[in-house]
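Here is a brisk tour of some helix packing. Look at the sequence and the model, then read on.

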Amino acid sequence: MTHQVPLFINGAFVQSSSTEKLPVTNPANQELLGEVPFATHDEVEIAIVAAKQAFMIWKDVPVSERARLMMRYCYLLKEHHDELGELLARDTGKTFEDAKGEVWRGIEVVEQAANAPSSMMGETVENVADGIDTYSYIQPIGVYAGITPFNFPAMIPLWMYPLAIACGNTFVLKPSEQDPLTPVRLAELFLEAGAPKGLLNIVHGGPQQVDQLLQHPDIKGVSFVGSTRVGEHIYTTGTAAGKRVQCMLGAKNHMVIMPDADRNSTLNALVGASVGAAGQRCMAISVAVFVGDPKVWISELADRMAVVRPGAWDDAGAAYGPIISKAARERVLDLIARGKEEGATCLLDGSDVVVDGLPDGNWVGPTLFADVTTDMSIYKEEIFGPVLCCIGVETLDEAIELINKLEVGNGTSIFTQSGGAARKYQHEILVGQVGINVPIPVPLPMFSFTGWRGSFRGDVHAYGKQAVRFYTETKTITAKWTHGDSTGKRPNMSINLR
């Protein structure tokens, strides 16, 4: 009998009564891992009610106790690190090392959530006026919802609910329906850590379930990571309903290579950042911008990419895994074909790659294009596959101008040995996350994930200090206590504090 992925509502794993289901398959071999039900309207409602009821108690739990829950959870995540990595690898097709790396990046955010007492400290100024003090409290808001993508089923949920809950809120998570097994296991460990019922709830589904969350009056805020098309809908719908919304959207990340860049580290960075995780990262490098003559670099780049191959999660020689679905693979292949049709030079074509013993996997081999122009589909669209486009420019100013014309601004990097060039680049580039000799500059969680322009919708970003602001509200108190007789003073008829 096929395993049905459960919902997690009010501290219990429950089977949905829904008849609408999707198969969950291993993208490396199409093995059926289970079925994911699309939660019914009533089931989503029950999850929201459970979260609202839990919030009425949880908001008053001392912040130190909330932090200790995160410490226990963090311990369990570390204890089960490899197990989670294997589950995630089977769920997504990622290599074991890549999957474990994702789990660890999520654990780092939980560690930061355990720092909630310090993160939620308010401010105090004594004697702002004669005998008057002003101070602020940081307070939770209510029930939040998180809508997460297929490409990071552990890390991105862990970006969201641990910090939201540590701040005193409760949470309803709608993970990707393509790989829901890892988020459910994360919930099992959260329950084992001692989480009271209703703090975290998980419902599965698609657009209908998302819209129910967006329009429900008891959902106070929504965090989303995913495609630009879906994110724009979530942002406009959620804000129209009066909710706080943060949406991390699509990208087209460029790496600028200066003539003085260290050759070996630069080429290795280009290969890893472009085809790692099969290019299915919102911070993947999809465009290499060579300042000077690209031919000096491209031949050796093609040689290094040619020896990289995809494979199964437990294949120690595989550099990355499959594309998440057959439909996603067909889209990548279509863009590769359009790149060739539109005049780019395809130096390495991974369209027909074969993985021994796994003929049914969603494989795409490393693909490299030269002579790419900005009007080509492979340049304009986010490919989300192991495809790297190469462009040449004469100067650093041209490279900056090229990137600043993009509608998106998630991440970028520059490889150089010149401090002056690096400083100019980091100052003038209109991108929110910049790497200097670092290809994928995803910040650690003491900072925030700060995509700019079309890569982000909202006011404050994910994790770090900005996320604490997203999940809380500030209450400011101005207080006056008199000591002794206060008679004889006239009414204060002005707005001045007296």
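## Helices α3 and α4

Helix α3 (residues 81-92) and helix α4 (residues 96-113) cross at roughly 120°, and their axes come within 8 Å. Axes are lines fitted to C-alpha atoms, for helices over the stretch in contact, and angles run from 0 to 180 degrees between N-to-C directions. α3 and α4 are therefore oblique to each other (under 35 degrees is roughly parallel, over 145 roughly antiparallel, 65 to 115 roughly perpendicular, the rest oblique).

Contact means heavy atoms within 4.5 Å. From α3, the residues that meet α4 include His81, Leu84 and Leu88. Among their partners in α4 are Phe96, Val103 and Ile107. The residues of this contact of α3 with α4 divide into eight nonpolar, two polar and four charged. Ala, Val, Leu, Ile, Met, Phe, Trp, Tyr, Cys and Pro count as nonpolar, Asp, Glu, Lys and Arg as charged, and the others, Gly among them, as polar.

## Helices α2 and α6

Helix α2 (residues 63-79) packs with α6 at about 150°, their axes 9 Å apart. α2 and α6 are therefore roughly antiparallel to each other. Val63, Arg66, Met70, Tyr73 and Leu77 of α2 make the contact with Leu158, Tyr161, Pro162, Ile165 and Ala166 of α6.

In α6, 12 of its 12 residues are buried (under 20% relative accessible area; exposed is over 50%, partly exposed in between, with a 1.4 Å probe and protein chains only). Gly168 follows α6, with a positive phi near 110°.

## About the model

This is a predicted model: local features need pLDDT of at least 70, side-chain atom pairs count only at pLDDT 80 or more, and totals for chains, interfaces and linings use all residues. Residues are numbered from 1 along each chain as its sequence is written, and side-chain values use heavy atoms, leaving out hydrogens and water.

Definitions and conventions
Helix = DSSP H or I, 4+ residues; strand = E, 2+ residues; numbered from the N terminus.
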